[in-house]
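This report looks at how parts of one protein chain pack together. Keep the sequence and the 3D view open while reading.

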Amino acid sequence: MTGPGPTPSAPQDTWLDRAPAAATPPDQSTASPVFRQVSHAAATTLTGPLQVLRRTLSFLGTSPGKLFTVTVILTLAITAAGISMSNSSASRQENLNELLSTTEPMSNAAHQLYTSLSEADAYATTGFVQAGVQSESMRRAYDEAIDNAAVAATESVLGTSPEDQRIRDLVGLIQRELPTYTGMVEATRANHRAGNAVSEAYMSNASALMRDDLLPAADELFRLTSMRVSEQQKQLTSPQWVPLSGLIAAVIFLILAQWWLWRLTRRRFNRGFLTATGLITLAIVWVVFSNLATWSAGSQGFAEASRPWDMLTSSRIEAQRAYSAETLSLVQRYSLEDLSDSFHNTSDDIAAALDEFDTSKAIGGDTAAEEADSANLVDKARRDLSGWQSSHERFTTALSDGDYDEAVRQATAATPQPGEQATSASAFRGVDSSLDSLIKQSRASMRAYIQEGLSAMTMVASAVFILTVLAIFSIWLGIRPRLQEYL
């Protein structure tokens with residue numbers, strides 16, 4: 001019995017899926033040829049980089065990729081911190097060297113400029129009030145003071161930058177007016193030898209030029225350069241907080257990375273990361289101790305030594321002004337009461353400066369012999385000051401009594417006869433010499449503290465750089481075995 005035949009209405013054999021009809025392509029005639037070229041070029045150009053990017057992102061999502069990423073981040077952090085600290089330390093060492101070799105000598109030259117100008121005016125006035133022709137020794141002392149002033153003016157402008165325009169202007173003023181002053185002094189001498197009364201007018205104008213223009217300019221120059229020394233010293237002894245914080249952050253990153261690596265690999269320690277942490281910690285300790293040494297030498301030692309120096313230099317300038325006022329009182333009309341009041345104020349300032357030097361722990365020397373020498377200098381300065389006070393009383397007494405010859409002798413006789421009491425001129429020379437010696441000793445102590453700070457910064461930049469490079473090698477050597485586990 002045969003089965004039933006095919007149903008007439010059944011479709012033909014469809015056991016194979018029919019291929020869909022091809023879509024009708026778009027009308028290419030309507031597309032822009034330029035657009036097709038740009039699209040093709042963009043697709044061709046970006047396909048390679050996009051594939052690389054996808055593969056890179058896919059790799060970074062794996063464990064080896066994460067290890068590599070963390071290592072690169074640590075490398076960048078350590079490199080940035082090390083370079084920042086190394087550059088900062090190198091810059092600080094260079095600036096300290098500039099302070100020691102340029103800025104501080106500029107301030108000392110400005111001080112020498114003022115004292116030389118004051119001495120020149122005192123010698124010129126003394127030579128004028130003396131009877132007869134000026135002595136050869138007095139003339140040599142005047143010429144030497146003028147030469148020293150010219151040299152000091154040049155040295156006080158060396159090392160300045162365009163930002164120090166005021167310093168340059170002051171030095172330029174002094175260098176322009178100094179020949180005018182010396183010309184007036186020579187005219188005074190010529191007319192004084194000829195017996196012309198106009199010599200007094202020349203001398204008064206020369207002293208006015210010195211006291212109204214040259215000395216105020218020199219005093220401002222000294223103040224500016226001294227302030228610059230103090231500001232630079234304070235700035236260069238402050239802690240290096242910013243670069244130091246970078247090193248501390250690098251250590252924190254290393255600790256976090258080791259904790260993450262322990263969680264990932266179940267190994268507590270990584271010798272490479274531990275070595276890098278120790279190296280960066282050593283760099284931090286080195287920088288901290290160098291900063292402490294620099295701060296101790298600068299903020300404490302230098303500041304304590306600079307106080308006596310500042311008071312001594314100021315009192316020496318006041319002493320020279322007081323002696324010039326004594327000498328000028330023989331030529332011009334001065335109130336003896338005002339002259340005595342000014343002199344007593346100067347004496348009090350000198351005594352205070354000597355007390356400050358004597359009690360300062362930053363000056364005096366490291367040995368018993370040096371401390372004894374410092375004590376002897378202070379004792380001599382006090383004796384000279386006492387002698388100057390007594391001789392000043394005799395000078396004002398002679399001037400008020402009308403004993404002009406005695407007043408001239410007191411003001412001009414730098415070397416009294418044996419057995420005679422010290423004159424005002426000789427006593428002032430003693431005070432000025434003692435102050436000069438104490439100022440030199442104070443300056444030597446200040447420079448020693450600057451040198452100590454410079455020595456503390458020596459090799460810091462190189463050491464930090466070497467430790468940074470070693471730390472980077474250590475972390476890569478430490479991560480290498482972990483990466484090999486996935487290869």
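## The nonpolar core

A nonpolar core is a set of buried Ala, Val, Leu, Ile, Met, Phe, Trp, Tyr and Cys residues joined through side-chain atoms within 4.5 Å. The model examined here is predicted. Its largest nonpolar core has 106 residues. L113, L117, Y181, I280 and W388 have the most contacts inside this core. Helix α2 supplies the largest share of the core, 18 residues.

Apart from neighbours within four places in sequence, L113 is in contact with A149, A152, A153, I174, A218 and L221.

## Two packed helices

Two packed helices are described by the angle between their axes and the distance between the axes. Helix α2 spans residues 63-129 and helix α12 spans residues 460-484. Their axes are 8 Å apart, and the angle is about 175°. Angles over 145 degrees count as roughly antiparallel, so α2 is roughly antiparallel to α12. The residues of this contact comprise 18 nonpolar, seven polar and one charged.

## A buried valine

V431 lies in helix α11, residues 424-457. Is V431 buried or exposed? V431 counts as buried because its relative accessibility is 2%, and the cut-off for buried is under 20%.

Leaving aside neighbours within four places in sequence, V431 is in contact with I350, D384, L385 and W388. V431 and R382 are 49 residues apart in sequence, yet their C-alpha atoms are 8.1 Å apart in space.

## Annotated regions

An unreviewed UniProt entry places the feature "transmembrane region" at residues 241-261, 273-293 and 453-479. In the model, residues 241-261 are 100% helix, with end C-alpha atoms 30 Å apart. Residues 273-293 are 100% helix, and their end C-alpha atoms lie 30 Å apart.

Key. Residues are numbered from 1 along each chain as its sequence is written. This is a predicted model: local features need pLDDT of at least 70, side-chain atom pairs count only at pLDDT 80 or more; totals for chains, interfaces and linings use all residues. Side-chain values use heavy atoms; hydrogens and water are left out. Axes are lines fitted to C-alpha atoms, for helices over the stretch in contact, and angles run from 0 to 180 degrees between N-to-C directions. Helices (H or I, at least four residues) and strands (E, at least two) are DSSP runs, numbered from the N terminus. Angles under 35 degrees count as roughly parallel, over 145 as roughly antiparallel, 65 to 115 as roughly perpendicular and the rest as oblique. Ala, Val, Leu, Ile, Met, Phe, Trp, Tyr, Cys and Pro count as nonpolar, Asp, Glu, Lys and Arg as charged, and the others, Gly among them, as polar. Buried means under 20% relative accessible area, exposed over 50%, partly exposed in between (1.4 Å probe, protein chains only). Contact means heavy atoms within 4.5 Å. UniProt positions are given in the numbering used here, feature names are shortened, and annotations may be inferred rather than shown by experiment.
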